[in-house]
Amino acid sequence: MRLTVLGKSPSWQDADGACSGYLLEDDGTTLLIDCGNGVFSKLRRYCDYTAVDAVVLSHLHADHFLDLVPYSYALTYAPRQQPVPVDRWPGIDSPARPRLIAPPGATEVFRRVVGAWGNDDLIENAFELEEYEESSRPQVGPLQIAFHAVPHFTETFAMSFESSNGSGRLTYGADSSPNDEVTEFARDCDLLMIEATLPRPERTGMRGHLTPREAGEHGRAAGAGRLLLIHISDELDELWARDEAAAGFGGPVEVAREGAVFDI
Ligand SMILES: [Zn+2]
């Protein structure tokens, strides 16, 4: 499996950046993990958006799904998706309609979002939408996906990816407060992508995110082979975050950068 970071920003984009979006490729199969604001543009830099087999979402926060809107417009209105020939494009009988593997309740949330301007069925028409449950184990080509609920401000699922081609196991922690769920779910994975949103723990209200130190500690508790910090702003010091996480992990840690590639 090959992972490419498309966007790693938290809920507001880095300069020239994008929110959560990760491209996972294996033996000709292409999967997009989350599709936050800015991700569609980055996706186009690395692959043909009509060739994506599936998009899988961890949760229904804006920074993890908003670019489904432009992606849906592209699948619906792009000249290459039309049945009749137009300049440069020969016309197509069966336009691309990637799978959209989304959390429970996603159909209704999408309708409310795009329904705000009267396009209620935009996303469900553009994609082959399926809602998963925690026990679902969807298969996309050689890739097997598993889910595990983690504590966050809304229903959220960590996800793991394994390939029948015999590569390693990738775990994506999604967004979460400190918890044992993600460490158990990620046990002994080869690469753990874990959020490191906060410069310090939340001072009020419920917790919903991790600091880099906590991210490192979770990686150590999981026994992860490698640790990749994600969901981190360019307004935090990358070297500080890396050192904090490395101290918690007990070994070297990488901080996600757009375009970074990881073979698993
Ligand atoms: Zn979130």
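**Exercises: zinc site and sheet**

**Exercise 1.** Classify His-61, then Asp-175, by relative accessibility.

*Solution.* His-61 has 23% relative accessibility, so it counts as partly exposed (buried: under 20%; exposed: over 50%; partly exposed: in between; 1.4 Å probe, protein chains only). Asp-175, at 2%, counts as buried. The model is predicted: local features need pLDDT of at least 70, side-chain atom pairs 80 or more, while totals for chains, interfaces and linings use all residues. Numbering starts from 1 along each chain as its sequence is written, and side-chain values use heavy atoms, without hydrogens and water.

**Exercise 2.** Describe the zinc ion's protein donors and their arrangement.

*Solution.* Step 1: the donors (N, O and S atoms within 2.8 Å of the metal, 3.2 Å for Na, K and Ca; water is not among the atoms) are His-59 (NE2), His-61 (ND1), His-152 (NE2) and Asp-175 (OD), at 2.2 to 2.4 Å. Step 2: along the chain their spacing reads H-x1-H-x90-H-x22-D. Step 3: His-61 sits in the loop between strand S4 (54-56) and helix H2 (62-65), and Asp-175 in the loop between strand S10 (169-172) and helix H6 (181-185), so the pair ties together parts 114 residues apart in sequence (DSSP runs, helices H or I of at least four residues, strands E of at least two, numbered from the N terminus). Step 4: the 4 donor atoms subtend angles of 91 to 171°, which makes the arrangement irregular (neither tetrahedral, all angles between 85 and 135 degrees, nor, for four donors, square planar or, for six, octahedral, with opposite donors over 155 degrees apart and all others between 65 and 115).

**Exercise 3.** Find the edge strands of the open sheet of 7 strands.

*Solution.* The order is S6-S5-S4-S3-S2-S1-S14, with mixed pairing (at least two DSSP bridges between two strands). Strands S6 (128-131) and S14 (261-263) each have a single partner strand, so one side of each lacks a neighbour in the sheet. S14 pairs with S1 (residues 2-7) in the antiparallel sense over 3 bridges; Val-261 in S14 is the bridge partner of Thr-4.
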